[in-house]
Amino acid sequence: MTGSAPAVHRYGREASQFGHLSVPETPPPHPVVVLLHGGFWHLPWGLELMSGAVRALVASGAAVWNLEYRRVGEPGGGWPGTFNDVLAGFDALARLPGAADLDLSSVGVAGHSAGGHLALWLGAERGPLSAGPVKLARVAGLAPVADLRAAWRDGVGGSAIEALLGGTPSRHPERYSAASPVERLPTGVDQLVVHGARDRVVPAELSRSYARAAEAAGDRVALEVVPRTGHMDVIDPKSRAWKITAEWLVGAWDPSAHGKIE
């Protein structure tokens, strides 16, 4: 099952304020997944990183809104522009041409690496108490940078986190509190965190500690640390990590099979 070529839609006037909407060739209404790419929030990495994931999700019957946003290295990227773009792009789903064919009552969001950070952050911003026609039901963080203070302390991404937030935690503590997913718990949104055990870019311990904190805060969260899996493998449609994510996003996942949070 495949869909038509992605349609490009803008949600703002800036160059990177757009997304690609891919729709399956099945009768509507279509379940919807929003994708957020990684690249440590910097140019030149963009939404093409999620192309394989888009094709796989469309083949499974989901409509996919692959979202671009302003990144560090372009005007308006970083704090707060990157975050504002993610919110605006998510909310724009309700105004897209053909929105009547989309099921906006139970939208899933998945992000990889820096995009995993943004996905978990979006869950806090657009949780169950959020008003609006687009209802976020579940969030998958794939190798997410889930704790910005810990990641900064450990040098994850080099200077990427400082560039995103305009400085260190001591200089901008309020930004780190507002932007770090672990500091926004509970979200009230169902969450899946998937991480490769062999990830050498974002340590799996960030996901383990985030999942423990989310569970302690009362959120429903599942954690999968996948053996023999690296940083980019988690968005490879042929990988076990992606199979877990895709099944969870479309509602076919068996919660009894996930790993225990320790």
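**Close-up views of a predicted protein chain**

**Figure 1. Burial and surface of the whole chain.** Buried residues (under 20% relative accessible area, against over 50% for exposed and in between for partly exposed, with a 1.4 Å probe and protein chains only) make up 55% of the 262 residues in the protein chain. The model is predicted: local features need pLDDT of at least 70 and side-chain atom pairs count only at pLDDT 80 or more, while totals for chains, interfaces and linings use all residues. Residues are numbered from 1 along each chain as its sequence is written, and side-chain values use heavy atoms, with hydrogens and water left out. The secondary structure comprises eight helices and eight strands, taken as DSSP runs numbered from the N terminus (helices H or I, at least four residues; strands E, at least two). Of the contacts (heavy atoms within 4.5 Å) with a separation of 6 or more, 73% are between residues 24 or more positions apart.

**Figure 2. Strand 7 and its two parallel partners.** Strand 7 covers residues 190-196, and six of its seven residues are buried. Strand pairing requires that DSSP find at least two bridges between two strands. Strand 6 (residues 136-142) runs parallel to strand 7 and is joined to it by five bridges; within this pairing, alanine 140 has leucine 192 as its bridge partner. Strand 8 (residues 221-226) also pairs with strand 7 in the parallel sense, over six bridges, and here valine 193 is partnered by leucine 223.

**Figure 3. Helix 1 and its cover.** Helix 1 spans residues 51-59, in which Gly52, Ala53, Val54, Leu57 and Val58 are buried. The cover over these buried residues includes strand 2 (18-22), strand 3 (32-36), strand 4 (63-67) and helix 8 (240-249). Just after helix 1, glycine 61 adopts a positive phi of about 105°.

**Figure 4. Surroundings of leucine 87.** Leucine 87 belongs to helix 2 (residues 81-91). With a relative accessible area of 14%, leucine 87 is buried. Apart from residues up to four places away in sequence, leucine 87 touches Trp121, Leu122, Glu125 and Arg126. Leucine 36 is 51 residues from leucine 87 in sequence, and their C-alpha atoms are 12 Å apart.

**Figure 5. The loop between helix 6 and strand 7.** Glutamate 183 counts as partly exposed, at 33% relative accessibility. Neighbours within four places in sequence aside, glutamate 183 is in contact with Arg149, Tyr176 and Ser177. Proline 186 is located in the loop between helix 6 and strand 7 as well, and the peptide bond from leucine 185 to proline 186 is cis, with omega near -5°.

Figure 6. The bond from tryptophan 79 to proline 80 is cis, and its omega is near -5°. Proline 80 lies in the loop between strand 4 and helix 2.

**Figure 7. Positive phi at two residues other than glycine.** Tryptophan 41 has a positive phi of about 60° although it is not a glycine. Its position is in the loop between strand 3 and helix 1, and tryptophan 41 counts as buried at 0% relative accessibility. Serine 113, likewise not a glycine, has a positive phi of about 60°. Serine 113 occupies the loop between strand 5 (107-112) and helix 3 (114-125), where serine 113 counts as buried at 3% relative accessibility.
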